[in-house]
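Open the model in your viewer and keep the selection tool at hand. The stops below say what to select and what is there.

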Amino acid sequence: MSLAVALLLATAPATRAAGEETDAKAVARAKLVEGGELLKQGEYTTALARFQEAYDLVHSPKIQYDFGLAYMGLGRKADAIEAFEKFLNEAVDASPDLRANAERHRSTLAQQTGSLVVTSDVDGAEISVDGRSRGVTPLAAAIRLDPGPHQLVVEKQGTPPYAARVAVEAGRRVALEAKLASAAPPPVAVAAPVVPAPMPVVAAPPPPETELSPAERSRALMRKLAWGTGGVAVVALGLGVVERLVANGHYSDFNKRAAPSGACDADDRVLDHGGGDCSSLLSSGRSAATLSTVGLISGAVLAGASAVLFYESRKPAEGASTVGLACGPDLGRYGLLCDVAF
């Protein structure tokens with residue numbers, strides 16, 4: 001008698017857990033049946049709610065098929081194709097007929113939706129489209145979207161956010177690169193003097209009979225270094241601007257070739273990105289974009305260093321005064337800024 005009681009007590013929790021699981025499955029099954037009837041009646045919003053309630057009770061990937069049908073009825077084609085893809089990837093034990101239907105729906109929806117490929121020069125930046133988070137950079141797959149305008153935001157703490165309005169067409173793929181690192185001000189910009197890059201062109205020369213003092217020799221050397229650094233900065237900035245134009249040209253050609261037939265595809269998993277010159281266009285665009293970033297940042301840093309050298313080289317000796325014309329690169333407009341110094 002005592003042994004039977006012990007066995008009953010030992011098996012009671014397991015029996016209770018099994019009973020609760022059976023009850024949850026029964027409730028979920030009833031909600032799925034109710035949702036199916038609502039689909040037939042065209043009540044897609046209520047049907048979607050019943051499917052979600054069933055999925056909350058039992059996380060079965062087969063319910064993703066029901067989600068796809070409800071999304072199709074609501075006209076949310078991008079959400080529908082994502083649901084069908086989850087069903088095909090996760091519900092491996094589904095019936096062949098159901099999988100065939102999901103394949104057919106996915107193929108049809110692929111021609112009725114567009115996709116967005118987002119890359120960035122900063123990893124770990126959050127990508128959101130129309131206020132909905134879509135992951136962080138680097139993003140492994142393209143973002144499926146319904147045709148029409150969409151608001152893209154890419155942001156990471158410590159850098160200015162990137163925002164763009166994107167127009168997506170059915171059967172087309174759009175590629176965008178979000179620049180975050182290059183949007184941040186160069187480190188030397190805070191330490192730059194108020195008068196940008198002054199350099200005395202006309203100044204009182206030292207007496208011809210006397211030898212230059214160590215301080216004057218140091219200022220002369222700094223002026224030579226400032227000229228050299230400023231020249232390199234101009235070249236680097238020019239390279240950055242040119243490479244940016246080249247990158248934009250490659251991206252534009254790539255997007256034009258992204259026809260509904262899928263001629264060009266920015267997804268790295270696609271062999272040769274669709275064939276032809278698709279791979280070379282995308283690779284050239286990315287290389288040019290990288291060179292542009294390096295050129296602009298290097299040019300800004302060198303320009304700041306040149307400004308500091310010019311500033312230090314024009315400091316007069318104690319008690320002396322100078323009058324002259326000072327010129328230097330304008331960091332804000334990539335030009336030349338001149339000023340009269342007293």
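**Stop 1**

Begin with Lys31, which is partly exposed because its relative accessible area is 23% (buried means under 20%, exposed over 50%, partly exposed in between, with a 1.4 Å probe and protein chains only). This is a predicted model, in which local features need pLDDT of at least 70 and side-chain atom pairs count only at pLDDT 80 or more, while totals for chains, interfaces and linings use all residues. Residues are numbered from 1 along each chain as its sequence is written, and side-chain values use heavy atoms, with hydrogens and water left out.

A salt bridge here is a side-chain nitrogen of Lys or Arg within 4 Å of a carboxyl oxygen of Asp or Glu. Glu53 belongs to helix H2 (residues 44-57) and Lys31 to helix H1 (residues 2-40), so the pair, 22 residues apart, links distant parts of the chain. Helices (H or I, at least four residues) and strands (E, at least two) are DSSP runs, numbered from the N terminus. Glu53 is partly exposed, at 30% relative accessibility.

**Stop 1**

Select Asp79 and Arg132. Their closest N and O atoms are 3.1 Å apart, in a salt bridge. Asp79 sits in helix H4 (residues 77-90) and Arg132 in strand E3 (residues 132-136), 53 residues apart. Which of these is buried, and which is partly exposed? Asp79 is buried, at 14% relative accessibility, whereas Arg132 is partly exposed, at 38%.

Another one joins Glu169 and Arg172, with 3.6 Å between the closest N and O atoms.

**Stop 2: two crossing helices**

Show H4 with helix H5 (residues 96-112): their axes come within 9 Å and cross at roughly 145 degrees. Axes are lines fitted to C-alpha atoms, for helices over the stretch in contact, and angles run from 0 to 180 degrees between N-to-C directions. Residues that make the contact include Ala80, Phe84 and Phe87 of H4 and Ala102, Arg106 and Leu109 of H5 (contact means heavy atoms within 4.5 Å).

**Stop 3: the nonpolar cores**

Select Phe51, Phe67, Tyr71, Phe84, Phe87 and Ala102. Within the largest nonpolar core, of 22 residues, these touch the most other members. A nonpolar core is a set of buried Ala, Val, Leu, Ile, Met, Phe, Trp, Tyr and Cys residues joined through side-chain atoms within 4.5 Å. H1, H2, helix H3 (63-74), H4 and H5 each give two or more residues to this core, and the largest share, 6 residues, comes from H4.

Center on Phe51. Not counting residues up to four places away in sequence, Phe51 touches Leu32, Gly35, Gly36, Leu39, Ile63, Asp66, Phe67 and Ala70. Another core, of 17 residues, lies apart from the largest one, and has Ile127, Leu145, Leu152 and Val154 among its members.

**Stop 4: a strand residue**

Finish at Leu176, in strand E7 (residues 173-178). Leu176 is partly exposed, with a relative accessible area of 23%. Leaving aside neighbours within four places in sequence, Leu176 is in contact with Leu116, Val117, Val118, Thr119, Leu152 and Val166.
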